[in-house]
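This report describes a protein chain together with its ligands. Please keep the sequence and the structure in view while reading.

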Amino acid sequence: MEIIHVSAECYPVAKAGGLGDVVGALPKYQCKAGHYAKVVMPMYETKFLHNNEFVVDYKGSTSMAGMPLNYTIIKERTNKLGFDLYLVDIKGLLDRPNIYSYSDDTERFVAFQIAVIDWMNQWGHLPDVVHCHDHHTALIPFMMQYCYAYKDKLAKVPTVLTIHNAQYQGWIGWEKKHYLPAYDEWKGGLLEWGKSINSLASGVKCAWKVTTVSWSYLEELRWSSNGLEKLFEYERGKCVGILNGIDNEVWNPKDDSYLSNHFTSRTVANGKQRNKLELCEQFGLDVRKPLIVFIGRLVGEKAADILPDSIMASIYAMQGSVSFLILGSGDPHVEWQLSNLNDSFPGYYHAVIGYNEALSHKMYAGADFLLMPSRVEPCGLNQMYAMRYGTVPMVRSTGGLQDTVKDMGEWEGFGIRFNNASVGDIHYSVSRAVAVYADTKHMLWMRRYMMNIDHSWESAIDNYMNVYRSMK
Ligand code: ADP
Ligand code: GLC
């Protein structure tokens, strides 16, 4: 099968979070399974672009909002990611250092989507599936079926939309409707939700199939999806939950290139201790105490706003018998609060504000526990990376966290679960962590057990292939 993934992110080309990890791995494992999967994404000004060789695949020209839209499709020359990678270069719009957060993001991602279908429309053949990821690419199913310039050829190509996060929906005011290529006005309602163009809602209505990244999140969307609840209820027949995998080649404590101390489940006790020592020395923490880390976007979904109070409460209540290390960026106020604590609790706490791929790997490897109090977590990859590195996850029972972590109070449980994103629940979980940390035998059993759980992409691939086949 020929599958074309369309996405705003793909690791290691450009990543802001888990979407990048998934789009960097899913096509690779689809290719390994004998399919022909490729990725098309915007050409940002990233390190990857400058450190790799590309060839021009196609130069196209169309229009957007009555203005010429010239684009170039370049292709990575060596297939080094394990799949064909195509980047869409649109001068002045996409060629910037960051992925998101520009005031003209609407124009940028609409232009990207138009360029992708305009390019596909020139192909001598049709792909078996166009697989779109999140709202930045969710207008494509509508455009393929109802835009006059494309529908004759592309309307019959099956489309899948995977929802990694329904909180962000790509809202576009109707005054910008002329950004889209001319479409059958009778179908305009398929673009709308709540009085504006809603890219994600349009994708849910128009894609042939919709998937989301865990079973529990699929259920949650029907009662909590930032306004789309009724839509998910109505479209439930075409929605499927498929739990993400992780890329075991990138995330492997045995040969992770970011680590200086490698380990396996057999050598985890010693290996983790050596990684922990390195981290603790770097950040002035006491290696004898249990080390709890948080890695992630500092936003409300991740409940980052309650971290400062929860950490202070836990350090006081546990009388300093625990250490915290934070890595993240996001809400400036939370960044400021977390940085301020650096001065209040030296030796017990440290926060690194920013995005640092290398440090994240060292933290998964060196930590004892990973805290994820997320209010919303469609899948969550951090907890799976933590498990792979023998780090006990402490998670709120929601979405993918509840599908992947079993509380240590249950039969064969290996993690800590709690119900509320609150200071009280976090503090109680920290006290459970400190207590179990003292039980070296139990800790070792949990570490080894988690490290041997299979979260590889292989079984998820079969589930995606079944979805694709069901559209034939
Ligand atoms: P989300 O996509 O909602 O942010 P996930 O758990 O799916 O959450 O994936 C987050 C990914 O981003 C993981 O690979 C995690 O290690 C990485 N990550 C998040 N914040 C940072 C950061 N500040 N530095 C390095 N890696 C980060
Ligand atoms: C989103 C979700 C996260 C998920 C990731 C990959 O960013 O917030 O829970 O793991 O996508 O699917």
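## Domains and conventions

In this chain, 19 residues of domain 1 are in contact with 16 residues of domain 2, where contact means heavy atoms within 4.5 Å. The bounds of the two domains come from an automatic or database domain assignment: domain 1 covers 2-245 + 457-470, and domain 2 covers 268-451. Between the C-alpha centres of domain 1 and domain 2 the distance is 33 Å.

The model is predicted, so local features need pLDDT of at least 70 and side-chain atom pairs count only at pLDDT 80 or more, whereas totals for chains, interfaces and linings use all residues. Residues are numbered from 1 along each chain as its sequence is written, chains are lettered from A and ligands numbered from 1 in the order in which they are written, and side-chain values use heavy atoms, with hydrogens and water left out.

The side chain of Lys15 places an N or O atom 2.8 Å from an oxygen atom of ligand 1. The side chain of Asn382 has an N or O atom 2.9 Å from an oxygen atom of ligand 1, and a backbone N or O atom of Gly354 lies 2.9 Å from a nitrogen atom of the ligand. Taken alone, ligand 1 exposes 570 Å², and the protein buries 93% of that. Such accessible areas come from the Shrake-Rupley method with a 1.4 Å probe; for residues, only the protein chains shown count as cover.

Which residues are around ligand 2? They are Gly18, Leu19, Val22, His164, Asn165, Val213, Asn244, Glu377, Pro378, Cys379, Gly380 and Leu381. The classes are six nonpolar, five polar and one charged. This shell, too, draws at least three residues from each of domain 1 and domain 2.

An N or O atom in the side chain of Glu377 is 2.5 Å from an oxygen atom of ligand 2. Polar backbone atoms also approach an oxygen atom of ligand 2: one of Cys379 at 3.0 Å and one of Pro378 at 3.4 Å. On its own, ligand 2 has 310 Å² of accessible area, and the protein covers 93% of it.

His131 is found in strand β6 (residues 129-133). His131 counts as buried because its relative accessible area is 0%; buried means under 20% relative accessible area, exposed over 50%, and partly exposed in between (1.4 Å probe, protein chains only). The side chains of His131 and Thr162 are joined by a polar contact of 2.6 Å. Leaving aside residues up to four places away in sequence, His131 touches several others, including Ile3, Leu26 and Tyr464.

Gly271, in helix α9 (residues 268-283), is likewise buried, at 0% relative accessibility. With residues up to four places away in sequence not counted, Gly271 touches Asn261 and Phe263.

## Backbone geometry

Most residues other than glycine have a negative phi, and most peptide bonds are trans. Tyr11 and Pro12, however, are joined by a cis peptide bond with omega of about 5°; Pro12 is in the loop between β1 (2-6) and α1.

Asn226 has a positive phi of about 55° although it is not a glycine. Asn226 belongs to the loop between α7 (215-221) and α8 (229-234) and is partly exposed, with a relative accessible area of 38%. For Glu412, phi is near 60°, again positive. Glu412 is in the loop between α14 (399-404) and β18 (416-418), and its relative accessible area of 35% makes it partly exposed.

Note on methods
A polar contact is a pair of N or O atoms within 3.5 Å; within protein, one must be able to donate a hydrogen and the other to accept it, and residues adjacent in sequence count only if both atoms are side-chain atoms. Helices (H or I, at least four residues) and strands (E, at least two) are DSSP runs, numbered from the N terminus. A residue is near a molecule or strand if one of its heavy atoms lies within 4 Å of it. Ala, Val, Leu, Ile, Met, Phe, Trp, Tyr, Cys and Pro count as nonpolar, Asp, Glu, Lys and Arg as charged, and the others, Gly among them, as polar.
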